[in-house]
Amino acid sequence: MRLEGKKVIALVDEEFEDLELWYPVYRVREEGAEVHLAGLEKGKTYTGKYGVPAKADYSFEELDSQDYDGILVPGGWAPDKLRRYDKVLQLVREMDADKKPIGQICHAGWVLISAKILNDVTVTSTPGIRDDMENAGSQWLDEAVVTDGHIISARRPPDLPPYGKAFCDALASRS
């Protein structure tokens, strides 16, 4: 229970990649952290690409980054929606400024691009958005997981085990 007392935001919107949301959420919870799902509407049930539901505990607007120790951004098509919300970008920028762990997998890099926090950061993502990541100023690597300071990135579902571990390690290393 090395993450007991830690709190994490997991962003959600329609067509999130089911495994890329739920695997990290359960992985962080099994180490003792509290995870709150946040969507545009509190109480709304969002549906993943493969039909798995996720009910938002809070709306983005209700959250204050100072109350949390990290944030998880799932992949799928949800990131293209999430990056359009000013509050989501604000939360990501504040987490970045405070050097709190930011987990992003697959297409989630789009949210970090829109938050403008990737300049001079080494990352990975689904190869489909490699050009987007590099155009945002990052160095892109084709590796399962890349950790650059407090930003933990992964490519796709087969990379979830090392991604979950790397995110938990980053959370645990923060006092």
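# Sheet, cavity and a few loops

User: Which residue in S6 is the bridge partner of Val8?

Analyst: Gly70 is the partner of Val8 in S6. Strands here are DSSP E runs of at least two residues and helices are H or I runs of at least four, both numbered from the N terminus. The model is predicted, so local features need pLDDT of at least 70 and side-chain atom pairs 80 or more, while totals for chains, interfaces and linings use all residues. Residues are numbered from 1 along each chain as its sequence is written, and side-chain values use heavy atoms, without hydrogens and water.

User: How does the whole sheet run, and which strands are at the edge?

Analyst: The sheet is open, has 7 strands and runs S5-S2-S1-S6-S7-S11-S10, with mixed pairing. S5 and S10 are the edge strands, each pairing on one side only.

User: What's the pairing sense of S10 and S11?

Analyst: Antiparallel, over 4 bridges, between residues 145-148 in S10 and 151-154 in S11. Val146, for instance, has Ser153 of S11 as its bridge partner. The two strands form a hairpin with 2 residues between them, and Gly149 in the turn has a positive phi of about 65°.

User: Back to S6. Which way do its residues point, and are they buried or exposed?

Analyst: Gly70 and Leu72 point one way, Ile71 and Val73 the other, and all of them are buried. Buried means under 20% relative accessible area, exposed over 50% and partly exposed in between, with a 1.4 Å probe and protein chains only. In a regular strand the side chains alternate between the two faces of the sheet.

User: Switching topic: how many cavities of 30 Å³ or more?

Analyst: The count is 1, and the largest cavity has a volume of about 30 Å³. A cavity is a set of points on a 1 Å grid over the protein atoms alone where a 1.4 Å probe fits but cannot get out, and lining residues have an atom within 4 Å of a point. The volume is the space filled by probe spheres set on the points, which are joined across faces, edges and corners.

User: What lines it?

Analyst: The largest cavity is lined by Glu20, Leu21, Pro24, Leu72, Val73, Pro74 and Tyr163. H1 (18-30) and S6 (70-73) each supply at least two of the lining residues, and H1 has the largest share with 3. By type, the lining has 6 nonpolar residues, no polar and 1 charged, where Ala, Val, Leu, Ile, Met, Phe, Trp, Tyr, Cys and Pro count as nonpolar, Asp, Glu, Lys and Arg as charged, and the others, Gly among them, as polar.

User: What does the side chain of Ser65 contact?

Analyst: Ser65 sits in the loop between S5 (58-59) and S6 and is buried, at 1% relative accessible area. The Ser65 side chain makes a polar contact of 2.7 Å with the side chain of Glu94. That term means N or O atoms within 3.5 Å, with one able to donate a hydrogen and the other to accept it within protein; residues adjacent in sequence count only if both atoms are side-chain atoms.

User: Which non-glycine residues have a positive phi?

Analyst: Among them are Glu15, with a phi of about 65°, and Lys116, with a phi of about 60°. Most residues other than glycine have a negative phi. Glu15 is in the loop between S1 and H1 and is partly exposed, at 37%. Lys116 is in the loop between H4 (109-114) and S8 (122-123) and is exposed, at 70%.

User: And where's Ala166?

Analyst: Ala166 is in H6, residues 160-173, and is buried at 15%. The C-alpha atoms of Ala166 and Ser153 are 9.0 Å apart, with 13 residues separating the two along the chain.

User: Last one: where does UniProt place the DJ-1/PfpI domain?

Analyst: At residues 6-167, according to an unreviewed UniProt entry. Positions are in the numbering used here, feature names are shortened, and annotations may be inferred rather than shown by experiment. The end C-alpha atoms of residues 6-167 lie 12 Å apart, and the span is 31% helix and 24% strand.

Conventions: Pairing = 2+ DSSP bridges. 1 Å grid on protein atoms, 1.4 Å probe; cavity = no way out; pocket = protein on both sides within 12 Å on 5 of 7 lines; lining within 4 Å.
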